[in-house]
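Q: I am new to this structure and would like to learn how to read its salt bridges. Could you take me through them step by step?

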Amino acid sequence: MTSIHDYRLGDLGRNEINLVWEWRNADHIRPFMNHDDLIPLEAHYRWLEAVQKDAGKLVKLCFYQEKPVGFVNFSHLDPKNQTCDWGFYIGDTSCPRGSGKAMGILALDYIFRERPVRKVCAQILDFNRRSLSYHHKLGFAEEGRLVKQLLKNNQYIDVVLMGLFKEQWEKQSEFLKEEVEKANEGNNDR
């Protein structure tokens, strides 16, 4: 049985740099990113170097029993307005069911407790129903829509704008943690 206590967030180390590059190019992740072209390894290194130098960006890995399974990216960290954007994905398709929810809980706990952030913003491609549902479950509310914003498969698609305020997260987080624990009771098969 898995528990939220089996997960932790950590910094991206040298050993995981290429793994994150593989995830970014994976077929189960790339179609849901704003830019879905294959990423050359050198471009990945340049991106990571830029992230590490930019105080407005923060990346974390999610580990399950010390094995990296997911990636969280906070960007546009704005100290004046106390806002940021986030993006994430589960890279390891063999990780236990509920890993995405556990990662989201840890990431939102981290950003709201460790950084001066009052609001986390998200941009979700409108066809990504799974991510839209995930955000709603975490407490995000739809705030708008960028109509026909991105070209995907020769068709312009909308980008859904969502936001989560710290106060809402504080009300929701304990319930979500309990829900993760209950969902995994007796679930030894994954």
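The dialogue below goes through salt bridges and their surroundings.

A: This is a predicted model, in which local features need pLDDT of at least 70 and side-chain atom pairs count only at pLDDT 80 or more, while totals for chains, interfaces and linings use all residues. Residues are numbered from 1 along each chain as its sequence is written, and side-chain values use heavy atoms, with hydrogens and water left out.

Q: What is a salt bridge, and how many salt bridges does the count come to?

A: Side chains of opposite charge can pair when their charged atoms come close. A salt bridge here is a side-chain nitrogen of Lys or Arg within 4 Å of a carboxyl oxygen of Asp or Glu, and by this rule the count comes to 13 salt bridges.

Q: Which parts of the chain does the pair D11 and K60 link?

A: Helices (H or I, at least four residues) and strands (E, at least two) are DSSP runs, numbered from the N terminus. D11 lies in the loop between β1 (7–10) and α1 (17–24), whereas K60 lies in strand β2 (residues 58–64), so that the pair links distant parts of the chain, 49 residues apart. Their side chains meet in a salt bridge at 2.6 Å, N to O.

Q: Is D109 buried or exposed?

A: Buried means under 20% relative accessible area, exposed over 50%, and partly exposed in between (1.4 Å probe, protein chains only). D109 is buried, at 9%, whereas its salt-bridge partner R113 is exposed, at 56%.
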